[in-house]
Every structure is written in C-alpha cells, then in structure tokens.
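Here are my notes on the model you sent. They are brief and go point by point.

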Amino acid sequence: MTTEKTLPSHARAVVIGGGVVGCSILFHLAKFGWKESVLLERDELTSGSSWHAAGQIHTISSDPNISRLQGYTINLYKEIEETSGQSVGLHSTGGFYLASNKTWYDYLKRERSKARYMGLDQEFISLKEVAERHPLIDSSHYLAALWDPLDGDIDPSGVCYAYAKSARVHGAQYFTHTPVTETRQRKDGTWDVVTAKGTINAEHVVNAAGLWAREAGKLAGITVPVQPMEHHYLITEDIPQIEERMASGQRLPGGIDYEANIYFRQERNGMLLGTYEPKSTPWKVSGTPMDFGHELLNPDLERITDRLELAFERIPALGQAGIKTIVNGPFTFGPDGNPMIGPVPGLTNYWAAVGVMAGFCQGGGVGRSIAEWMIEGEPSIDVWAMDIARFGNHATADWGTVKSAENYERRFVMTFPNETLPKGRKQKTTALYDRLVAKGAVMGVSFGLEHVLWFANDPLDAHEEPSFDRNRSHEYVASEIESVRTSVGAVEIANYSKHEFVGPGARHYLDRVLAAKLPKPGRIALTPMLSPKGKLYGDLTVACLSDEHFMLFGSGAAQEMHSRWFEKHLPEEGVRYANRSDDFHGIAISGPKSRELLSRITREDVGADAFKFRDIRQCVVGDVPVILSRLSFSGELGYEIYCRPQFLLRLFEAIEGAGSDLGLRLYGARALMSMRLEKNWGVWTLDYRPDFNASEAGMEGFIDWQKDFVGKEAALAIRSTGARRKLVGLTIDVDGRDVVGDEALLKDGSAVGYVSSGGYGHRVNRSLAMGYVPTELATEGAVLEVEISGQKYPAVVAIQPLYDLTGALMRS
C-alpha cells in the first residue's frame with residue numbers, strides 16, 4: 001500500500017530506499033524542518049536487508065564519532081516509538097564484549113579508554129558477574145568482559161515503520177511499490193526522479209537504496225563501490241534455562257566474543273547466534289535483481305562449522321538446543337566497513353547513505369548527520385569516517401567487491417595500529433614503486449596510493465608483526481631520522497593533495513574561501529579553511545606561482561572532500577579549478593646537507609638569501625621541470641620538489657646520484673610522523689578535523705581578521721568567548737608502548753580530553769602525543785594522565801616544540 005494516492009510534483013528531497021537508513025533520513029529531514037520530503041520504496045518498507053537483520057544493537061565502533069552516533073541511535077528508539085505509536089521491540093538488556101586472550105583484552109582496554117571521554121558508560125565487570133548475568137556462558141574461557149548498559153536488541157521491521165510513521169507525523173510522505181527508473185538532473189541543479197507513477201522534481205536526491213545502492217548510483221552515472229555479502233545467523237529452539245528466567249521477567253544480555261567470532265543474544269525463549277565467515281561470499285556481484293525482496297538465500301552451515309564449535313564450547317546450552325531457523329541473507333558492506341554518506345563529489349545536490357551494514361546501530365546517527373548536512377550545510381560532528389569523499393576514482397566496482405569482502409572477513413578480527421591489510425593493493429602506484437620495494441620499503445596505502453612507511457635492510461627483511469607495542473620498525477625509523485638530522489634524507493610525497501586554481505578571479509575566490517592572507521607571487525602561506533559555522537575544514541599550504549596561478553597542497557586522504565568544497569563555492573567564471581593530485585608526484589629532501597644536494601642538480605641559485613624559507617618557483621631540477629618549494633615537514637632545512645609523474649624516475653635518479661657521497665638515506669611516513677610530533681605540528685584527519693575550530697586547533701594566528709572569508713562571523717564569535725579546549729603537545733612517561741590516538745586524558749581520575757595522535761620522538765628520545773584538553777589545562781608543564789592499555793601514565797603538557805624551539809634549522 002501507499003500512504004498517498006498520487007506522487008507530489010515537487011519535493012525538497014527524495015530519498016530512494018525504504019530500509020532503516022532511508023526511513024531514518026526521511027524522519028530526520030521532516031523533524032528538522034524539510035517537511036516536503038518524500039521517500040520512494042520499490043517494494044514494501046524493510047525489503048532487502050532490513051527485514052532479516054539480527055537486530056542486535058551496540059555502541060562500540062572503530063571511530064569514536066561513529067560510536068557517539070550509535071549511542072544516539074539507541075537512545076532515539078524511545079522517541080520514534082512514542083511519536084509513531086509503533087513498537088520497536090526494544091530490549092535494553094546491556095551487553096558484553098568478551099576477551100579470551102591478552103590481545104583482545106588490550107583492545108577492550110583501549111575501547112574503555114575511548115568511552116571515558118565520549119561519555120559512554122562502559123565498564124569492566126568480573127567474570128563472576130558475567131556468569132551471574134548470563135548463566136549460559138562458560139566464563140572460564142575468558143580473561144575479561146567489558147559491559148555496556150546501552151546494548152540490547154530491537155525488532156527490525158518495527159524500527160523501520162516507526163521511523164516512517166514518525167516522519168509522516170512530522171509532515172513527510174512515503175510511497176511503497178514505487179521503484180525509481182530514472183534520475184535526471186536539470187540545468188538548475190534539481191533532479192527529476194522518474195517512476196511509473198509519475199515524476200517528482202526534487203531539489204535533492206538521497207541514495208539510500210541498500211542492496212540496490214549500486215543500481216541507484218548507475219541511474220545518476222556514478223559507481224558506488226559497495227558489495228552485498230551473504231551472512232548467516234541461526235535461532236535455536238527454546239532453551240529451558242531461558243524459559244525459567246523469562247518466567248520471572250529476566251532477559252539475557254547480548255554479547256560479542258571476538259576470538260570465537262560470534263555475536264549472540266536472546267530471541268524469545270531461545271538464542272540467536274551469528275558469525276562472519278572466514279571466507280566471505282559476495283552476493284550478486286554483477287548487480288542486485290530488481291525483483292528480490294523478502295527472500296532468503298540457501299543456508300550453508302559448513303561455512304561456519306568451526307565458529308559453531310567454538311560457540312557451543314563457550315555457551316554449552318547452544319550445543320544442546322535444536323536449531324529452529326537458519327537465516328542466510330544478503331546485506332551490504334563498504335570497502336572499510338563504515339558507511340558511505342554525504343554529498344557525492346562531482347554531482348550537485350546528490351547524496352549517498354549507503355554501505356550501512358550496521359543499520360540498526362547506525363541508522364539514527366546517519367539520518368541525523370545527513371539531515372543536518374542537507375539543511376544546515378554541515379553535520380554537527382565530524383563524520384569523516386563515514387564521508388563518501390574518503391574514496392576517489394580508485395574505488396572501482398571490482399575494487400569495492402575485493403575490499404568489502406576483506407572487511408567482512410575481518411569484522412571480528414583484530415587490526416593493529418601498525419597493520420596494513422593485503423587485499424586491493426597496488427591499485428595506485430608511482431613510477432618509483434618497484435625501486436622502493438627493491439630497496440626494502442614496507443608499504444602502506446592512503447587514498448588507494450601505495451607509499452613508504454619505513455625501510456628495512458632489503459626486501460626479505462621488509463616485514464613487521466602487528467602489535468600494540470613498539471614493533472621491529474622502531475630502530476629502522478630511528479636510523480632514518482638520524483640521517484635526516486645529521487645529513488640528508490629523501491621521502492616520496494606523491495600522496496599529498498594538489499589543487500590548482502587559474503584565472504583572473506583566482507585570488508579573489510581563494511581570498512574568500514581561505515582564512516589566511518594570501519601570499520604574493522613566489523611565496524607560500526599556511527592557511528586554515530573554515531566552514532560557515534567556524535569549524536576547521538582544511539589545513540592547507542597555499543602557493544602563489546603567479547598573479548593568476550595558485551596551488552594548494554594538503555592531505556591526500558581529504559582531496560575529494562576538499563575538491564567537493566572548492567567546487568561548491570566556485571564562481572561561474574573567472575577561475576578554473578582542478579584536483580591535480582595525480583598529476584604531480586614528487587620528492588622532499590630534508591637535512592643540513594639538503595641545500596648542497598639540491599645545488600648539485602639545478603642551475604637555480606638556491607642559497608639561503610636567494611631562495612628563502614617559504615619561497616616557491618617553477619624551474620628545472622634533476623633535468624626535469626618541477627615546482628620547487630622551500631618547506632619542510634621534518635623540522636629540518638628542506639625542500640619539496642613536485643613534477644609530473646613521467647619525470648619522477650628521472651628526478652629520483654638525479655637526487656640519488658647527487659646524494660651518494662652526502663649520506664643520503666630514503667625514509668618513510670613513520671619517520672615523518674615522528675619528526676612532526678617533536679615540532680607540535682598537527683595533521684589533518686587526526687589533530688585537525690571539523691570537530692574543532694581554529695582557536696581550539698591553535699590555528700587562530702594564521703587567520704587574517706581584516707578580510708571577509710567563509711566562517712568569519714562564527715570564528716569571531718568563538719574568538720570573543722574564548723576556546724573551551726586547546727590542542728597541545730604532550731610528553732608521556734611510558735616505555736615500550738606509545739599512544740596511537742583516541743586514548744583518554746585524565747585529571748584527578750576524570751576524563752578531561754583525549755589523544756588525537758602520538759608516537760615516539762626519536763630526536764628527543766621521548767614518547768609524545770598531541771591531544772585536546774580544557775583551556776585551563778593548556779599550560780606549559782600541566783600534569784595529566786593518559787590511559788594506555790588500562791594503565792595510567794603521567795602526561796605533561798608541552799606548549800613549545802621539543803625540537804628546535806625557534807625553527808632556526810628549517811629557516812637556515
């Protein structure tokens with residue numbers, strides 16, 4: 001049935017897809033004021049994945065902000081139940097996260113530390129308490145249990161209808177049995193959404209099509225790199241112990257056992273048990289059939305036999321109960337397991353909300369974030385971990401299938417801070433890839449591009465064991481840094497972003513978009529870029545090559561996010577913009593002998609007076625045309641040399657040859673990240689992100705307050721009231737294990753902030769971190785504590801850089 005007889009001819013937004021995510025988006029749009037919003041569902045609501053979901057809800061996620069949104073989702077269920085009159089079947093039982101070995105125990109300690117500063121009520125309980133709260137569990141198999149009182153389970157269909165009915169109460173409409181057959185964009189940026197029942201002209205379109213996200217994307221001419229995966233869970237016959245507890249109104253809590261790779265909860269008088277197969281089964285790789293709806297797939301318990309054996313061992317009652325139902329249904333995974341939401345780069349007024357595999361944990365948060373973004377121009381918290389712009393053109397359909405399959409298989413498999421995953425690799429490489437690997441490079445990947453993490457002695461030596469502790473790369477990185485400090489080092493910088501602006505209107509445009517004063521021709525400036533609400537939206541280097549030619553350099557991972565922003569604000573004429581990240585690769589050289597090396601391979605005068613700190617020029621280096629800048633992220637004297645990819649090998653050979661007698665050594669990202677910590681320099685996606693404003697991030701001093709720029713009014717208001725928190729450097733009294741990010745910072749036992757990034761500073765021989773603390777604690781020498789793997793260590797605030805305080809080395 002449909003809720004209205006005829007489609008409206010116009011809508012503020014059309015949401016494609018009537019699963020939990022689409023219904024949540026419709027609800028939030030209507031609640032926040034866009035009442036002329038419409039949802040179109042090809043079949044009945046919940047068709048696809050939502051109807052057969054296991055319905056278990058929890059708050060833990062790899063990203064803290066996703067955890068916050070999961071907490072929001074769970075707390076939202078009472079509201080939509082009351083608004084709609086539709087039961088969501090919420091059982092707030094609480095839940096366990098169980099560790100049966102030291103590695104998973106360490107993981108849970110990290111999660112507990114994150115929960116402290118996020119305000120989530122998670123705490124370790126004794127194994128005796130585990131047995132008391134869930135008598136079916138044999139607690140002797142475990143070392144520890146983390147308890148979260150928010151966890152529980154819901155009725156998936158009830159949730160979808162509660163969202164949809166609540167949206168209708170707020171003024172929105174939804175139509176079932178109304179498949180979308182075309183999405184055509186008009187010249188004015190609006191979309192014609194075509195169905196057999198009529199066409200709606202929509203100001204915005206949201207692809208929340210779930211299993212059909214790929215098909216809906218094709219209608220708009222885009223590739224959505226998600227993949228439906230087959231997934232099993234089973235429901236047992238009634239279990240006597242549960243029947244006895246239910247007689248007195250007691251429900252069992254849910255749980256996750258990481259080593260056994262199982263999740264479980266009570267289902268009526270039996271139990272539901274699910275697992276993620278060690279070998280995934282992608283479903284309908286070529287496309288989801290349009291006539292698929294409330295069907296299930298043929299079960300194959302042989303895929304999960306080993307997991308069932310562990311489950312029966314750890315919850316013995318399961319092995320004694322008969323199996324009543326086996327569910328094998330498809331649900332959609334993304335390449336890294338997180339949702340893909342937000343404005344789709346390259347399209348106007350087209351939004352994605354796809355790959356939300358944990359829809360009943362995340363659907364409410366996704367709906368809120370999308371609605372805020374559409375209505376207010378930005379979400380209330382940083383959703384980078386879910387932003388579809390974290391993927392670029394390297395994310396093809398086949399790559400998406402490979403990475404989604406890998407992520408499915410690793411759903412409950414530990415990924416360590418120093419671990420890089422093997423599938424989908426070499427999607428993007430530079431001309432130096434084979435050369436660097438032959439020299440012992442251990443490679444990582446960022447935005448699909450392979451880059452060096454560190455160098456071993458040779459290819460046979462190029463490996464490391466995944467660990468929370470300092471690993472075997474530690475001494476290799478120390479040696480790389482020593483070469484940079486005493487002689488000269490070279491690092492490939494292809495993975496930086498490069499954005500080019502050309503035309504008579506380029507300066508005026510950038511003056512409006514960027515908050516800093518723009519440099520003169522031949523000079524470079526550092527600049528924050530702010531959102532209209534004054535939040536930090538970019539940390540960039542702007543270079544003026546000529547009066548009408550600018551290049552911006554920044555985070556390679558954020559290049560599509562920033563491209564989307566630039567294009568959104570681009571005027572109709574006077575300036576041409578292009579993302580040139582793949583058009584310029586390069587090498588940076590750093591160290592006291594870097595000027596000598598450079599002088600040997602260029603005819604340019606690169607003396608201290610002729611080529612000053614923050615100078616930039618187009619010239620020839622190593623017999624190839626380059627953009628040469630005098631900048632250094634290492635804190636030493638240094639230069640960044642950018643060239644077209646076809647010239648990179650020649651440039652590399654020139655540098656290698658000229659540096660052979662100067663002690664030249666290649667280094668990687670681990671060394672670079674260590675050296676920047678010693679200078680208290682933050683990096684985008686870690687220390688700098690849209691959760692913070694320029695004042696909090698310590699970038700207020702770069703702002704030109706005399707001009708108009710995006711976010712100025714909000715930034716001035718923040719400046720007048722003062723920042724509540726500040727980004728600071730920290731020294732930590734710990735040995736053998738450093739912070740990696742998201743650890744809680746404590747004062748007098750209470751969480752007051754968190755670590756945004758950290759590691760070891762080899763030039764100062766200290767464990768270091770950066771983090772956000774209340775302004776009153778952002779003073780030199782303030783003593784805090786940091787929680788690392790459940791232990792508390794002294795953390796002392798260091799406002800000033802620990803290495804080369806005045807910056808004399810890089811200015812020499």
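1. Leaving aside neighbours within four places in sequence, which residues is A353 in contact with? They are V21, I25, V206, N207, A208, M340, I341, V366 and I370. Keep in mind that this is a predicted model.

2. A353 belongs to the largest nonpolar core, which has 75 residues. A353 is among those with the most contacts inside that core, alongside I25, Y77, Y163 and Y258. Helix α1, residues 20-31, gives the most to this core: eight residues.

3. Next, a helix pair. Helix α2 spans residues 64-84 and helix α5 spans residues 156-169. Their axes are 8 Å apart, and they pack at an angle of about 60°. The two helices are therefore oblique to each other. Their crossing is left-handed.

4. Who makes that contact? On the α2 side, T73, L76, Y77, I80, T83 and S84 take part. On the α5 side, V159, A162, Y163, K165, S166 and V169 do. By class, the contact has seven nonpolar, four polar and one charged residues.

5. Is E79 buried or exposed, or in between? Its relative accessibility is 27%, so E79 counts as partly exposed. Neighbours within four places in sequence aside, E79 is in contact with F27 and K31.

6. One distance to finish. E79 and E604 are 525 residues apart along the chain. Their C-alpha atoms are separated by 68 Å.

Methods: Residues are numbered from 1 along each chain as its sequence is written. This is a predicted model: local features need pLDDT of at least 70, side-chain atom pairs count only at pLDDT 80 or more; totals for chains, interfaces and linings use all residues. Side-chain values use heavy atoms; hydrogens and water are left out. Axes are lines fitted to C-alpha atoms, for helices over the stretch in contact, and angles run from 0 to 180 degrees between N-to-C directions. Helices (H or I, at least four residues) and strands (E, at least two) are DSSP runs, numbered from the N terminus. Angles under 35 degrees count as roughly parallel, over 145 as roughly antiparallel, 65 to 115 as roughly perpendicular and the rest as oblique. A crossing is left-handed if the near helix is turned anticlockwise from the far one by less than a right angle, and right-handed if clockwise. Contact means heavy atoms within 4.5 Å. Ala, Val, Leu, Ile, Met, Phe, Trp, Tyr, Cys and Pro count as nonpolar, Asp, Glu, Lys and Arg as charged, and the others, Gly among them, as polar. A nonpolar core is a set of buried Ala, Val, Leu, Ile, Met, Phe, Trp, Tyr and Cys residues joined through side-chain atoms within 4.5 Å. Buried means under 20% relative accessible area, exposed over 50%, partly exposed in between (1.4 Å probe, protein chains only).
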